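This report describes selected elements of secondary structure and the way they pack. The sequence and coordinates are shown first.

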Amino acid sequence: MAQEQVQIQTQKQQQVQRLSQQQMLQVKLLEMPLTELEESVNAELDDNPALEAGGEESDSIDTNDSVEQREDDDFDSQQEREERQDALDSALERMQSDDDLPTYDARQQRNNADYEEIVYGDTTSFIDKLNEQVGELELTERQRDILEYLIGSLDDDGLLRKDLDTISDELAIYHGIDATTQEIEDVLKLLQDFDPAGIGARSLQECLLLQVERKVENGEWQRDGQLYQYVKQVLTRHFDAFTKKHWDKIKVAMGLSDLQVETLQKEIRKLNPKPGASMGETQGRNLQQITPDFIIETEDDGTVTFSLNHGNLPELHVSPSFNEMLAAYRNNKAGMNRQEKEALLYAKEKVDKAQGFIEAVKQRRHTLQVTMRAIIDIQRKFFQDGDEAELKPMILKDIADRTGLDISTISRVSNIKYAQTKWGTFPLRFFFSDSYTTTDGEEMSTRKIKIALRDLIKEEDKSKPLSDDALAKQLKEKGFPIARRTVAKYREQLGLPVARLRKE
């Protein structure tokens, strides 16, 4: 029998949750680290004449968590009121319809072409310069990921202070990349070919030697020349004496004349012990730095306190002049002409956007505070002792449950934000760790287990490296009762080879 298709139209109610414009603004500001928030606040101050910095009003937010009484008698001078009225009138003359009214979202988009064209000085950072050079290489996706992580691990001097084992662990734990130290070293050599010479060196000695070799490659020095041979000898055989400026000992050991010593000193002074810092200087203020969003203090008695780093954020409030304009127009609604109605609409929109922006900044501050308070409550032992092994199992849901916030909100707070502690500056993601549940139902931090596993392998007899079974037994003796297959899994995540490949 032939089947007939019939189209029926029905009507039903369905509740759909959508983010309001204000919620979208709050989410956007919440994701920003401090430096980006400062830029956003300054951009909004420039764009919205109803938003002002400084002073004290009922709708104000003091981003320094303290209220200071300021004398503002001259603030609302008649001259300023007239200037604001002139600015409003000029804006009204350019407006033809309600569609032409400026909106916050359009002006705040980071990818807006007009916004990108307004550049004050060279805004390319030190890290950006290195990443530009990454784009010039033919790399696999894996090599690119490792290289970008190495670049992000450089200190302000452009040196790599972390050992390759640590980087291997971090790549495995934080990025799921199981890279051996040899693989990382191969990628590091690519980085060390970047400009400026010496970048990516793991020590001062390696930094200077890289620059010496670059001079040979560039044809400045001859490899068989006396100057190259003498400088390399100083930096290899007599490096300790060189760092202590014991040139008299170097002179005797190498049989040099006073003129030769003077020439060597002059040439070595041309080498740069801080290639990253020098690169930052040539670009003015663009040296890449981490600005912590949280300052965590640990007292001698174990008390842990924290504060938000407010940087250069100003106190924000709604312009009293705009509020007065709004009130004046509202009081004269009956006799308003078209231009005055447009002025009312313009002033109201700017005031609403200023109030919404202030509220979003307040909400961001509150969310950061409750999140960090929850993190400290769980990881208090680490903040007291600085021992990474003391970090407890903690996932985003744990903080969400404690704060009553959504997991997505906690994720946004934890993204690209840093906390300065007594033990160093760490990304917030550092404090999160998965858990492993033993057969007895005990929860353990996977990070703590991995640290113990890494230490066992590091201390083993390399002529008789431990099998995964043997490692599992020793971990059990140390209080980590995990299965052999779990040992193999964590070992692979740490980038550590099987026993037969560790044999020396």
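## A helix across the sheet

In this predicted model, helix α17, spanning residues 338-378, lies across strands β2, β3 and β5. The direction of α17 makes an angle of about 160° with that of β3.

## The four-stranded sheet

The strands form an open sheet of 4 members in the order β3-β2-β5-β6, and their pairing is mixed. At the edges are β3 (304-308) and β6 (424-427), each of which pairs on one side only. From one strand to the next, the twist averages 25°.

Within this sheet, β2 (residues 294-298) pairs with β5 (residues 418-421) in the parallel sense, over 2 bridges. The bridge partner of I295 is Q420, a residue of β5.

## Packing of α19 and α20

Helix α19 comprises residues 396-403 and helix α20 residues 407-414. The two pack at an angle of about 115°, and their axes are 9 Å apart. Angles from 65 to 115 degrees count as roughly perpendicular, and α19 and α20 are therefore described as roughly perpendicular to each other. The crossing in which α19 passes α20 is right-handed.

On the α19 side, the contact is made by L396, K397, I399, A400 and T403. From α20, the contributing residues are I407, I410, S411 and S414. By residue class, the contact of α19 with α20 divides into 5 nonpolar, 3 polar and 1 charged.

How values were computed. Residues numbered from 1 in each chain as written. Predicted model: local features only at pLDDT ≥ 70, side-chain atom pairs only at ≥ 80, totals over all residues. Heavy atoms only, no water. Pairing = 2+ DSSP bridges. Axes fitted to C-alpha atoms, helices over the stretch in contact; angles between N-to-C directions. Contact = heavy atoms within 4.5 Å. Parallel < 35°, antiparallel > 145°, perpendicular 65-115°, else oblique. Left-handed = near helix turned anticlockwise from the far one by under 90°. Nonpolar A, V, L, I, M, F, W, Y, C, P; charged D, E, K, R; others polar.
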